[in-house]
Structure formats: structure tokens, C-alpha cells
Amino acid sequence: MNIDWAALGTVFGVSLVATVALVGLFTLGIVGLSRQPEPAAQGGGSLMLARAGAYVCFGLCAAAVAYGIYMIVA
């Protein structure tokens, strides 16, 4: 039985990068949703932008998970 160390290293590296990227995206989404509303005098545009960015991050996470499931099933 021979182990292809190069392939094992490649799988490890890709898994590590994908995990860090997904956790980072999810963290950005949580931070975006945890923003507190600002007073009306300062303008509330940044809250809307943060919330929209959070939803984009969550959507990208869901797309990455769906693609991973597709790759396993196919």
C-alpha cells in the first residue's frame, strides 16, 4: 500500500484554506448583523450597508456548502 503524499498534502491545504475562508465569511456576517443602530442625526446608511454585507457573506457561505455537497454527491 502506497500513500500519495503530494495528493494528501494538496487535500490538506485546500481543506485548510476553505475552512478558514468559510469561517472568516461567517464571522464577517455575524459582525455585520451585530452592528447597533446609529442615531438618525449621524445617518443610518452604514447600518443598512453592514446588514446587506452580512447577508452577502451568509449567501456565499451557503453557496460554498451547497457546492461542496454537490461535489460529494456527483
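These legends accompany several close-up views of a predicted model of one protein chain. Because the model is predicted, local features need pLDDT of at least 70 and side-chain atom pairs count only at pLDDT 80 or more, whereas totals for chains, interfaces and linings use all residues. Residues are numbered from 1 along each chain as its sequence is written, and side-chain values use heavy atoms, with hydrogens and water left out.

View 1. Helices (H or I, at least four residues) and strands (E, at least two) are DSSP runs, numbered from the N terminus. Along the principal axes, the C-alpha atoms fill a box of roughly 70 × 25 × 10 Å. Buried residues make up 9% of the 74 residues, where buried means under 20% relative accessible area, exposed means over 50%, and partly exposed lies in between (1.4 Å probe, protein chains only). The accessible surface comes to about 5,900 Å², of which 76% belongs to carbon and sulfur atoms; such areas come from the Shrake-Rupley method with a 1.4 Å probe, and for residues only the protein chains shown count as cover.

**View 2. Met-1, Ile-3, Trp-5 and Leu-8 form a nonpolar patch on the surface.** Together these residues have about 570 Å² of accessible area. Patches are made of residues with over 30% relative accessible area and no salt bridge, and they join like charges within 9 Å or nonpolar side chains (Val, Leu, Ile, Met, Phe, Trp, Tyr) within 5 Å. A salt bridge is a side-chain nitrogen of Lys or Arg within 4 Å of a carboxyl oxygen of Asp or Glu. Trp-5 has its place in helix 1 (residues 5–33) and is exposed, with a relative accessible area of 60%.

**View 3. Phe-26 and Phe-58 form a tilted aromatic pair.** By the rule used here, there are two aromatic pairs: rings of Phe, Tyr and Trp (its six-membered ring) pair if their centres lie within 6.5 Å, and planes under 30 degrees apart count as stacked, over 60 as edge-to-face and the rest as tilted. For Phe-26 and Phe-58, the distance is 5.3 Å centre to centre, with 55 degrees between the planes. This pair links distant parts of the chain, since Phe-26 is in helix 1 and Phe-58 is in helix 2 (residues 45–73), 32 residues apart. Phe-26 counts as partly exposed, at 44% relative accessibility.

**View 4. Cys-57 and Cys-61 are in no disulfide.** A search of the whole structure finds zero disulfides, a disulfide being a pair of cysteine sulfur atoms within 2.5 Å. For Cys-57, the nearest cysteine sulfur is that of Cys-61, 6.9 Å away. Cys-57 is buried, with a relative accessible area of 11%, and Cys-61 also counts as buried, at 9% relative accessibility.

**View 5. Ala-62 lies in helix 2.** This alanine, Ala-62, is partly exposed, with a relative accessible area of 47%. The C-alpha atoms of Ala-62 and Phe-26 are separated by 9.7 Å, although the two residues are 36 residues apart along the chain.
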